[in-house]
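Me: Please take a close look at one part of this model and describe it in a connected account. I would like to know what surrounds it and how far the prediction can be read.

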Amino acid sequence: MIVDTQGATKPQPPATPAVYATMLLALQEVARSMGYALAVHGSMARDFDLIAVPWTGEAAPAGRLADAVRERIGGFFSESDHNPREQPHGRRSWVIHLGCGCYIDLNVTPRKLVPARCPWVLPHAPGSLRDCTCAASNRPPTQQDG
């Protein structure tokens, strides 16, 4: 049985994992063309959980990826799903309906825009450059920044 967002139960379509598996290569091609790696995250028993990770410096915005995935499979967004949903650690997720009770839960990890070269060098690590996670605060990273 499948439980929808309102709590109603529906019979699960037959061979749902097989249906989802047939889509994977095409969706990975879409993601790759937009600078993402795409992987299955879950059992495919109820829905098709996918996680997209920015893989190149030119990765497209997450919303454009979600639209391209939806378009490639002929799916649709439902207003009741409140796409995109904010998730822990900056992830954003979209529910993409396929009809027949099947759907994709696409989670996209955030792109990180890092300066080409970090201007701050920590004294305890001569010559090494640290991740510029503090660039937005206009201060050099500290030991507590990790």
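Reply: Beyond its neighbours within four places in sequence, Phe 48 is in contact with Tyr 20, Met 23, Leu 24, Leu 27, Val 40, Tyr 103, Ile 104 and Asp 105, contact meaning heavy atoms within 4.5 Å. This is a predicted model, in which local features need pLDDT of at least 70 and side-chain atom pairs count only at pLDDT 80 or more, while totals for chains, interfaces and linings use all residues. Residues are numbered from 1 along each chain as its sequence is written, and side-chain values use heavy atoms, with hydrogens and water left out.

Phe 48 is among the residues with the most contacts inside the largest nonpolar core, together with Tyr 36 and Leu 106; this core has 25 residues. A nonpolar core is a set of buried Ala, Val, Leu, Ile, Met, Phe, Trp, Tyr and Cys residues joined through side-chain atoms within 4.5 Å. Two or more residues each come from helix H1 (16-33), strand S3 (36-40), S4, helix H2 (62-73), S6 and S7, and H1 gives the most, with six. Helices (H or I, at least four residues) and strands (E, at least two) are DSSP runs, numbered from the N terminus.

Strand S4 (residues 48-54) pairs with S7 in the parallel sense over five bridges; two strands pair if DSSP finds at least two bridges between them. In this pairing Asp 49 stands opposite Asp 105.

S6 and S7 form a hairpin with two residues between them, and Cys 100 in the turn has a positive phi of about 55°. S6 is in turn joined to strand S5 (residues 85-86) by two antiparallel bridges, with Arg 85 partnered by Ser 93. Here the hairpin has five residues between its strands, and His 89 in the turn has a positive phi of about 65°.

As to confidence, the mean pLDDT (the predictor's confidence in each residue, from 0 to 100) is 81, and 66% of the residues reach 70 or more. Over residues 126-137 pLDDT stays under 50, and the model has 24 contacts for them beyond four places in sequence. Where pLDDT is low, the predicted coordinates should not be read in detail.

Definitions and conventions:
Buried < 20%, exposed > 50% of the residue type's maximum accessible area, 1.4 Å probe, protein only.
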